[in-house]
Amino acid sequence: MSDINTERSGSILQVELNRPAKKNAMTSAMYIAMADILNDAAKDDGVRVVLWHGAGDIFCAGNDIEDFLKNPMGPGDSPQSRLIDALINFDKPIVAAVQGAAIGGGTTMLTHCDFVYAGESAKFQMPFINLALVPEFGTSYSIPARIGYLRAAELIQLAQPFDAKRAVELGLATQVVPDTELLATAIATAQKLAKKPAEALQACKRLMRQSTREHLQQAARSENEVFSAQLRSPETKEALTAFLEKRAPDFTRTKQPAAAA
């Protein structure tokens, strides 16, 4: 079985994250595969809409920690940066159906979707700070721009979790839907979009994203550089060690570099 399943239904491309036993956590190979799927769909005139969801009762738990430690993200080209670029440059609509947990990248990837339907069970969080890391997928720019700095600080600096209702209130989800109706609701929207004039639909998205695309690209590049540096820091080493040892991290063990005179 593939970790990512795709299925064409007319002009709708369904993409399913398929690692339910691992909470659909993303590996390096999955980031590359997802980027390739989107880049191929962008060039395929037969695809008008992408419908994205997760297998089982979870959308995505973010990075697979074991795989991530074996393949740490670098400051330049990386599996994650390939998917970030693919999402930023994708002009066709993406409809997401989110059930259960959407953690870390499971939340930040959704900021590039055009419609996000959240099941009543959906739980979101960007816990990067808890691992002494920084946000990704351009969200250091897009989240404050979308919901305001003070509310973004709660989500990014405190890593505050939030539910489906709060996601809609913040403008991070389109609608709360009963879990039993979630996929059907997303499919219905995808079908409506597929009937719209394709060129005009893509032009609408390009125009709506035009003013933010360059900012997102710059934010993503900056995030990758800082993320890579933090990944090798004493703080992150302590955070990841604590995570694997299933204990609370003690950041008093880490020393900050002395300030330059």
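Mentor: Some ground rules. This is a predicted model, where local features need pLDDT of at least 70 and side-chain atom pairs count only at pLDDT 80 or more, while totals for chains, interfaces and linings use all residues. Residues are numbered from 1 along each chain as its sequence is written, and side-chain values use heavy atoms, with hydrogens and water left out.

Trainee: What makes residues 94-98 strand S4?

Mentor: Strands are DSSP runs of E with at least two residues, and helices are runs of H or I with at least four, numbered from the N terminus. S4 covers residues 94-98.

Trainee: How do you know that S4 is mostly covered?

Mentor: Buried means under 20% relative accessible area, exposed means over 50%, and partly exposed is in between (1.4 Å probe, protein chains only). In S4, 5 of its 5 residues are buried.

Trainee: Which residues cover each face of S4?

Mentor: Ile94, Ala96 and Val98 lie on one side, Val95 and Ala97 on the other, and all are buried. In a regular strand, side chains alternate between the two faces of the sheet.

Trainee: What makes S3 a partner of S4?

Mentor: Two strands pair if DSSP finds at least two bridges between them. Strand S3 (residues 49-54) has 3 bridges to S4, and the two run parallel. Leu51 stands opposite Val95 in S4.

Trainee: How many bridges join S4 to S6?

Mentor: S4 and strand S6 (residues 115-119) share 4 bridges, again in the parallel sense. Here Ala97 stands opposite Tyr117 in S6.

Trainee: Where do these strands sit in the order of the sheet?

Mentor: The order is S1-S2-S3-S4-S6-S9, an open sheet of 6 strands with mixed pairing. The edge strands are S1 (4-9) and S9 (175-177), as each pairs on one side only. The twist averages 20 degrees from one strand to the next, with axes fitted as lines to C-alpha atoms (for helices over the stretch in contact) and angles from 0 to 180 degrees between N-to-C directions.

Trainee: Why is the contact between Asp64 and Arg19 called a salt bridge?

Mentor: The rule asks for a side-chain nitrogen of Lys or Arg within 4 Å of a carboxyl oxygen of Asp or Glu. Asp64 and Arg19 meet at 3.0 Å, N to O, so the pair qualifies under that rule. Asp64 lies in the loop between S3 and helix H2 (65-70), and Arg19 in the loop between strand S2 (12-17) and helix H1 (28-43), so the pair ties together parts 45 residues apart in sequence. By this rule the count comes to 10 salt bridges.

Trainee: Are Asp64 and Arg19 buried or exposed?

Mentor: Asp64 has 11% relative accessibility, so it counts as buried. Arg19, at 14%, counts as buried too.

Trainee: What parts does the pair Asp91 and Arg206 tie together?

Mentor: Their side chains meet in a salt bridge at 3.4 Å, N to O. Asp91 lies in the loop between helix H3 (79-88) and S4, and Arg206 in helix H9 (residues 198-231), so the pair ties together parts 115 residues apart in sequence. Asp91 is buried at 16%, whereas Arg206, at 36%, is partly exposed. Asp91, Arg206 and Arg213 are linked in a network of salt bridges.

Trainee: How far apart in helix H7 are Arg166 and Glu169?

Mentor: Both lie in H7 (residues 164-170), 3 residues apart, about one turn of the helix. Arg166 is partly exposed at 29%, and Glu169 is partly exposed at 45%.

Trainee: What makes a space a pocket?

Mentor: On a 1 Å grid over the protein atoms alone, a pocket is an open set of points with protein on both sides within 12 Å along at least five of seven lines; in a cavity, a 1.4 Å probe fits but cannot get out. Lining residues have an atom within 4 Å of a point. Points are joined across faces, edges and corners, and the volume is the space filled by probe spheres set on them. The largest pocket has about 760 Å³. Of its 28 lining residues, the closest to the centre are Ala61, Asn63, Asp64, Ile65 and Phe243.

Trainee: Which element gives the largest share of that lining?

Mentor: H2, with 4 residues.
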